[in-house]
Amino acid sequence: MNDCVFCKIIDGDIPSEKLYEDELMIIIKDIAPKAEKHYLAIPKKHYKLFSEMTEQDAADLGKCIRKIGDLADSLGLENGFRFIINQGDDAEQTVFHLHMHLIGGQKLTTRNYLKDH
C-alpha cells in the first residue's frame, strides 16, 4: 500500500525506533502513548481486518502473538499488559493496517486506553 504509514515504516521510508523486528512483524513505540509503555506490534503484510486475512496470515499472526509473549519482559511488560486490536470504523481504527497495541509498564485503568483514542 503506497499511502500506508505502517508500510512506509516497515520499508524504512519513515524513520522509527524499532524495538524488535523479524520476518513477520516489527514492534515500535506508539507516538501518542496512553501509558508508560505503549508499543505497536505491526505485521509486515498489509491487511486491515481479520476478515481480509488468509489462512497463512492467521498462522503468521499467531506466531507474532506468541513472540510478543516471549518479548514481554524485555519490553518492560513483565507485570502484565493490555493487548488491543481495533477493527474498523466503530472501533476507531485510525491506521488501516492491522496492528496490535501493547500497553503496560504501570497499573492500568480504562483511562489508559478507552478515552481520547
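1. Strands here are DSSP runs (E, at least two residues), and helices are runs of H or I with at least four residues, both numbered from the N terminus. Two strands count as paired if DSSP finds at least two bridges between them.

2. A word on the source. This is a predicted model, where local features need pLDDT of at least 70 and side-chain atom pairs count only at pLDDT 80 or more, while totals for chains, interfaces and linings use all residues. Residues are numbered from 1 along each chain as its sequence is written, and side-chain values use heavy atoms, with hydrogens and water left out.

3. Five strands make an open sheet, ordered β1-β2-β3-β5-β4, with antiparallel pairing. At the edges lie β1 (18–21) and β4 (81–84), each of which pairs on one side only. From one strand to the next, the twist averages 20°. That angle is taken between axes, which are lines fitted to C-alpha atoms (for helices, over the stretch in contact); angles run from 0 to 180 degrees between N-to-C directions.

4. Walk across the pairs. β1 and β2 run antiparallel and are joined by three bridges. A hairpin of three residues links these two strands. Lys18 has Ile28 in β2 as its bridge partner. On β3, the bridge partner of Ile28 is Leu40. β2 and β3 are antiparallel too, with five bridges between them.

5. Next comes the β3–β5 pair. Residues 37–43 form β3, residues 100–104 form β5, and five bridges hold them in the antiparallel sense. Ala41 stands opposite Met100 of β5.

6. How covered are β2 and β3? In β2, four of the five residues are buried, and the strand is mostly covered. "Buried" means under 20% relative accessible area, "exposed" means over 50%, and "partly exposed" lies in between (1.4 Å probe, protein chains only). β3 is largely enclosed by the rest of the structure, because six of its seven residues are buried.

7. Look at the nonpolar packing. A nonpolar core is a set of buried Ala, Val, Leu, Ile, Met, Phe, Trp, Tyr and Cys residues joined through side-chain atoms within 4.5 Å. The largest has 18 residues, and the members touching the most others are Met25, Ile27, Ala41, Ile68, Leu75 and Leu102. At least two residues each come from β2 (25–29), β3, α2 (55–71) and β5. The top contributor is α2, with four residues. Another core lies apart from this one; it has 10 residues, including Cys4, Phe6, Ile10 and Leu40.

8. Leu75 deserves a click. Setting aside neighbours within four places in sequence, Leu75 is in contact (heavy atoms within 4.5 Å) with Leu19, Ile27, Lys37, Tyr39 and Leu102.

9. Which side chain does the side chain of His101 make a polar contact with? The partner is the side chain of His38, at 2.9 Å. A polar contact is a pair of N or O atoms within 3.5 Å; within protein, one must be able to donate a hydrogen and the other to accept it, and residues adjacent in sequence count only if both atoms are side-chain atoms. His101 sits in strand β5. At a relative accessible area of 3%, His101 is buried.

10. Check the cysteines. A disulfide is a covalent bond between the sulfur atoms of two cysteines. The rule used here asks for a pair of cysteine sulfur atoms within 2.5 Å, and the count comes to zero disulfides. Cys7 is buried at 10% relative accessible area, and Cys64 is buried at 3%.

11. Glu92 lies in the loop between β4 and β5. Its phi is near 60°, a positive value in a residue other than glycine. Glu92 is partly exposed, at 45% relative accessibility. Lys107 belongs to the segment after β5 and is exposed, with a relative accessible area of 75%. Lys107 and Ala35 are 72 residues apart in sequence, and their C-alpha atoms are 9.0 Å apart in space.
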